[in-house]
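Subject: Structure handover

Hi,

Here is the structure I promised to send over. My notes on what turned up follow below it.

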Amino acid sequence: MIIKTIDFKRKTIRALSITTALFATGALVASILLHLQVITLLQPLPLSLIISIFISLLAGISAYGFWNYKNWAKSILFNLAILVISYFFITAIFEFSSIVFGGKEITPIPVIISTFFNCFIYKLLYKSTIPVVIIILLKYQDEGFTESQAQRNFFDKTIKYVLLFAASSSILIVALIFVFTFIESTDAITTIGLEEMLIGTIWRPGSIIGTEDAQFGLVPMIIGSIYSTIGAVILGVPLSIGTAILLAEIAPPFFRDIFRPAIELLAGIPSVIFGLFGMIVIAPLIRNFEVPGNSGFGLLNASIILAIMILPTITNIAEDAICAVPDSYRYAALALGATKWQMIKLVVIPTARSGIMAAIILGIGRALGETMALIMVIGNSIAIPVPLNKNPLTILLATARTLTGNIAVEINYAAGVHRSSLFFTGVLLFVLLLITNRIAHFLMREKNQKKDKSW
């Protein structure tokens, strides 16, 4: 019985090899006929010819591998079958969406049900029959295939390079975005000059007011971004770190199960909702401060909204860093007579300092990059924030504009040097984030050096 089963599997593999070889031959013949322009396909001639030749070569290599029971041939055909099924599935989704949601009127429920069965049950199953049969046949053919050590090493190296490319793609994307933004800002740098943009205190683009004496000073927006971010850090970081300590070290399990999803939900709320909350709820409360010129919109409102927005980011990462501290550290501190708070303060937090610092850096980046919510609550005044009266704390009630808000408000109608200066604003944001990152790394290095010297 076992011998018959093995013989059947080998015959199946041979049949797959012959079928694949015939398919390769057909693709090769199709490419020759395309070259002679005897037949035409939906795609342009050069593309159709390249696709036919590629399919012919791939099928021919796979047929050779199946005939010699090579494991790589099985992997190629298995993955191709999965790709084909995925293509048919995505096509069915688009076809269903275009029929159900593409009309001007609401699609009746019977039409939706019939369209669903037509796209996903009938067409998808009909088109995917051959790939599914191939997957089923290959899944039970492990005994007949052999995998050499060279093939295993090649697969490991391939996965290594794929993961390396995936990891480096983020760096490449950031670099490309920075290069593109910098290239678009070169017109402003050469025409206006760095000095005018970096130390100028007046932002008055000529394309808006219709005059030639345009001014592009970014100092008001720089100060607005820095003040609102500092306010968010002052309000949000202690609250976030305290919440992380509570969830990781103190709170009972049922308390964590209630509050952790609520905090994570904050990260998924759109920024425009936070802006509406600041406009409808926080602004009237701030107006209760009887200060001349207090509209309720300004740095205080923006700082509160940003503090709420960065709370889930800092809390989640800081909590993970605290939970990553080995329990042996905690047990050792408690065994030496430390209270629970002393253990948290003197052992857990210093050990998790690098993760907490990373959380704060991400929170600062989130605050610096926020746009829509700040446009709605900060007042968008193109002026350096100053106290509204003799009390210096009333500067928190002053209106301002941020760098991101400046781009979002004016990019739609900007042109020429004005548009280029807005791209330079983006470059300046990159630089501010880089400076923040470097300062954090410098502080971390200084603390580590002092710790090493103390030892």
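Helix α9 passes α12 in a right-handed crossing (right-handed if the near helix is turned clockwise from the far one by less than a right angle, left-handed if anticlockwise). The contact between α9 and α12 involves 21 nonpolar, 8 polar and 2 charged residues. Here Ala, Val, Leu, Ile, Met, Phe, Trp, Tyr, Cys and Pro count as nonpolar, Asp, Glu, Lys and Arg as charged, and the others, Gly among them, as polar. The axes of α9 (residues 219-250) and α12 come within 6 Å and cross at roughly 35°. Those axes are lines fitted to C-alpha atoms over the stretch in contact, with angles from 0 to 180 degrees between N-to-C directions.

Before the rest, a caution: this is a predicted model, where local features need pLDDT of at least 70 and side-chain atom pairs count only at pLDDT 80 or more, while totals for chains, interfaces and linings use all residues. Residues are numbered from 1 along each chain as its sequence is written, and side-chain values use heavy atoms, with hydrogens and water left out.

The overall picture. The protein has 18 helices and 2 strands. These are DSSP runs numbered from the N terminus (helices H or I, at least four residues; strands E, at least two). Of its 455 residues, 34% count as buried (under 20% relative accessible area; exposed is over 50%, partly exposed in between; 1.4 Å probe, protein chains only). Take the contacts (heavy atoms within 4.5 Å) with a separation of 6 or more: residues 24 or more positions apart account for 70% of them.

Back to the two crossing helices. α9 has 32 residues and reaches 45 Å from its first C-alpha to its last, close to the expected 46 Å. The expected span is 1.5 Å times one less than the number of residues. α9 has a kink of about 30° at G236, shortly before the proline P238. A bend is the angle between axes fitted to the seven residues ending at a position and the seven starting there. α12 bends by about 35° at I310, and the proline P312 follows within four residues.

G224 sits in α9. Its relative accessibility is 0%, so G224 counts as buried. Beyond neighbours within four places in sequence, G224 is in contact with L299, A400, R401 and T402. The C-alpha atoms of G224 and R401 are 5.4 Å apart, although 177 residues separate the two along the chain.

Two other buried residues. R330 is in helix α13 (residues 327-335). R330 is buried, with a relative accessible area of 9%. Its contacts beyond four places in sequence include E249, I322 and M343. T425 lies in helix α18 (residues 417-454) and is buried, at 0% relative accessible area. Beyond four places in sequence, T425 is in contact with L218, L403, N406 and I407.

Most residues other than glycine have a negative phi. N380 is not a glycine, yet has a positive phi of about 55°. N380 lies in the loop between α16 (372-377) and α17 (403-410). N380 is partly exposed, with a relative accessible area of 22%.

Best wishes
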